[in-house]
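Here's a quick tour of a protein model, a few spots at a time. Have the structure open and follow along.

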Amino acid sequence: MTNLQLFTTLVPILAVFVLLVLLRLPATRAMPLSLVITAAFAFYVWQVPAVQLAASVLEGWVIAFTILMIVFGAILLLNTLTALGAIKVICAGFARISPDHRVQVIIIAWLFGAFLEGASGFGTPAAIGAPLLVALGFPPMAAVVMALLGDSAPVSFGAVGTPVVVGLGQGMQGATPEQLQLIAASALTLDVFIASWLPLLMVSLLTRFFGANRSWREGLVLWRFALLSGVAFTLPAFVVLQLLGPEFPSLLGSLIGLVLVVTAAKRGWLLPKTVWRLPEPAQELPANSEADSLSQSKPAMSLLKAWFPYLLVAGVLVLTRLDALPFKAMLQAVAIEFTGLLGTSISARITPLYLPGTVFVLVAAAIALAYRLPLAQTRAVWVASFGRLLPTSIALGTSVPMVRIFLNSDVNHAGLAAMPKALGQVAAETFASQWPLVAPFIGALGSFIAGSSTFSNMMFARLQQDAAQAASLPEHWVLALQMLGANAGNMVCVLNVVAAVSVVKLVGREGEVIRFTLIPALVYCIAVASTGYLLLTLGL
């Protein structure tokens, strides 16, 4: 592979980083430019046929639609509940658990987000968690950053184990349930020692960059409660993995963690006496302004009634994603197929009833009827929610096709492998002797590009296997490093960032979000890489 071809494999990453992060262009401008640049290099250097590029764009639009449904559904449900007055009740409920914003961010972004990741994944935690934090008085930027940081470690077993069962299962050669279980156990063993520190990192970043005093100490003083919150998720998740397999660690581990941490918070265990809150101006609720302007004085509702729509969403997502129940197969049977786009081998498929966004929309419509929201307000909430989609549509409608061009570049006239595989092979050849230090960054790269830890595992599992064999390393440990690296990439994944900023009206500031989340993502990767390298070097 020539130097120009090697540079071409890096173009999608460099274009996004330079335009979005360094030049600080909004995603509505940065992502269309990145698409054009990537397509041009793919055509002229990688020699991907024009028809393959066009088919990849069409495939990307189909996938972008599914993500846009999550964004729209989350906005619609949030605006509906705001108009009903339920959001105020939910906020009051969190305040009764603890008025401390550090505690609230752990409960919502870390534990409730982990539950949503375990139930559905694919951007759902940030789409629900970020608006809830905004409603509690968090600045929109802080809410998005915290939601993205929290939605990292649980990603290993998100969407009922999809990154393991589907990602590694399809990406590995000769994968067996026993192998997948061993890899998952290895990854979670590492994460008990690494991810358990994430809540402390989150609250420290919150107080340092968003607090009135810009103080690390105000976050670090919560270290005992934060560590409790970390192990309250990771240890139960490990036990669940051993007992039930890779489908349920995030789902059930987070529920156990919520019970433990909420109990501790209510009783004031391990908490400092001083309550910490964000500056008062952050109490404005810009993300909900449309619905707030439509809301009228409502009779106070119970906390259970206010929470019921979110509980219903979570319950439906769980029930429709368990293979043991008939609902998953029934919903997935209703599909829209796009086979052989433009005569290529590229196909796309939408299962509209199975999409998480569809659940959001149906629950929002049902709740508006059940809670008797006036028709005029309901119509206005829908109009306001649709009005928020245009910038997100532009960003997703160009970023996802860019990713698909990158992934579908195996069809070319230059006789080259697909760009991600070629890039991974160069990395494997260059860093073979230090592969444990590189493996997590390959996983993170996959999530950053593809927008999903499942796709990252699917893309790079075989490469990780080959690199492990070449370096005489245990495959299960190397693939565990791949899994955890994919978690870190989820913090900076462009698709997740675009979806998260859309629900709190921060469109245009995607690069700023990535600047906040990039360092924690790198810290996570470095911790995983160094721990894995030490274990493998010592032969443990």
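## Starting at a serine

The side chain of Ser 250 gets to within 2.7 Å of a backbone oxygen, the one belonging to Pro 154. Keep in mind that this is a predicted model.

**Around Ser 250**

- You'll find Ser 250 in helix α13, which covers residues 249-267.
- Is Ser 250 buried or exposed? Its relative accessibility is 1%, and the cut-off for buried is under 20%, so Ser 250 counts as buried.
- Skipping neighbours within four places in sequence, Ser 250 is in contact with Ala 114, Phe 115, Gly 118, Pro 154, Phe 157, Gly 158 and Phe 233.

**The nonpolar core**

- The largest nonpolar core has 189 residues, and the ones touching the most other members are Met 146, Tyr 310, Trp 435 and Tyr 524.
- Which helix gives the most to this core? That's helix α3 (residues 50-84), with 18 residues.
- As background, nonpolar side chains tend to be buried together in soluble globular proteins.
- Take a look at Tyr 524: leaving out residues up to four places away in sequence, its contacts include Ser 152, Ala 153, Asp 191, Leu 484 and Met 491.

**Helices α3 and α15**

- Helix α15 spans residues 303-319, and its axis and that of α3 come within 10 Å, crossing at roughly 155 degrees.
- Angles over 145 degrees count as roughly antiparallel, so that's the label for α3 and α15.
- On the α3 side, the contact is made by Leu 77, Leu 78 and Leu 81, while α15 brings Pro 309, Tyr 310 and Val 313.
- Sort the residues of this contact by type and you get six nonpolar, no polar and no charged.

**Ala 427**

- Ala 427 sits in helix α20, residues 419-430.
- With a relative accessible area of 11%, Ala 427 is buried.
- Not counting residues up to four places away in sequence, Ala 427 touches Trp 435 and Ile 442.
- Ala 427 and Leu 463 are 36 residues apart in sequence, and their C-alpha atoms are 9.9 Å apart in space.

**Pro 12**

- Head over to helix α1 (residues 3-22), where you'll spot Pro 12.
- Pro 12 counts as buried, at 4% relative accessibility.
- Along the chain, Pro 12 and Ser 399 are 387 residues apart, yet 9.6 Å separates their C-alpha atoms.
- Pro 12 also touches Thr 38, Met 402 and Phe 406, again not counting residues up to four places away in sequence.

Technical notes. Residues numbered from 1 in each chain as written. Predicted model: local features only at pLDDT ≥ 70, side-chain atom pairs only at ≥ 80, totals over all residues. Heavy atoms only, no water. Helix = DSSP H or I, 4+ residues; strand = E, 2+ residues; numbered from the N terminus. Buried < 20%, exposed > 50% of the residue type's maximum accessible area, 1.4 Å probe, protein only. Polar contact = N/O pair within 3.5 Å; in protein donor to acceptor, adjacent residues only side chain to side chain. Contact = heavy atoms within 4.5 Å. Core = buried A, V, L, I, M, F, W, Y, C linked by side-chain atoms within 4.5 Å. Axes fitted to C-alpha atoms, helices over the stretch in contact; angles between N-to-C directions. Parallel < 35°, antiparallel > 145°, perpendicular 65-115°, else oblique. Nonpolar A, V, L, I, M, F, W, Y, C, P; charged D, E, K, R; others polar.
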